[in-house]
Amino acid sequence: SQRAFTTFINALRVNTFDSMVKAWSKNGALTLVEEKAIANYINAATGRGSTGLPAKSLVGLNHVFFAPRLVISRFQMLLGQPLYGGTMRTRALIAKEYARTLIGLGAVYSLATLAGSDIEWDPKSSKFAKIKVGNTYIDPMAGLAQATTFLWRVVSGKTKTQAGRIESIRGDVKYGQDDTFDVIANFLRTKLNPATGAAFDVATGKDVIGQ
């Protein structure tokens, strides 16, 4: 199953790259810098974030974290990293792809709202951008919502609990409540691979959700 997924996602990346290059080559041949910028965007969009680290170090990260490139890619997409390099031509192309994604998500959320589903729009909540249908939550954001919530909590210094209360994670934090360090530690805890996570559960005496 892993080989099948890897083959599929690699074929998807190559086909998307060929399609984008073909579409923009009509305006003149792309340079190597522009092709690398397009490839970087496709990798980030499909969960293969660039780290700038040697390949061997990523093997080590995989022993601790689950899909570290995927986690990195979610932050890169949110922070617009694919738009940093390349040329004005590739930035315009990538910006259009961002716009298409936003339009698609807008259509999904609009249909969900018309269907009577509940959607949490406060980015400080762990339910942010999730569509609630009965007792089921659907996340159309492909991991972007979780990264958004993490960044928003750290930057704003506030979090929203499951009960809907807004609590501070900096400054005067009530006893027993999470502070900024706890928010960061909890986020990293959810990214551990199964083996490391199981060892962590044994060491602490509780699982990732505190049971």
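**Overall architecture and a helix pair**

The model is predicted, with local features needing pLDDT of at least 70 and side-chain atom pairs pLDDT 80 or more, while totals for chains, interfaces and linings use all residues. Residues are numbered from 1 along each chain as its sequence is written, and side-chain values use heavy atoms, without hydrogens or water.

The C-alpha trace spans about 60 × 45 × 40 Å along its principal axes. Of the 211 residues, 31% count as buried, that is, under 20% relative accessible area (1.4 Å probe, protein chains only). Among contacts (heavy atoms within 4.5 Å) with a separation of 6 or more, 49% join residues 24 or more positions apart.

Helix α4 (residues 68-78) packs against helix α6 (residues 144-156) at an angle of about 70°, with the axes 9 Å apart; axes are lines fitted to C-alpha atoms over the stretch in contact, and angles run from 0 to 180 degrees between N-to-C directions. The two helices are therefore roughly perpendicular, a label for angles of 65 to 115 degrees. On the α4 side the contact is made by R74, F75, M77 and L78, and on the α6 side by L144, A147, T148, F150 and L151.

Methods:
Buried < 20%, exposed > 50% of the residue type's maximum accessible area, 1.4 Å probe, protein only. Helix = DSSP H or I, 4+ residues; strand = E, 2+ residues; numbered from the N terminus. Parallel < 35°, antiparallel > 145°, perpendicular 65-115°, else oblique.
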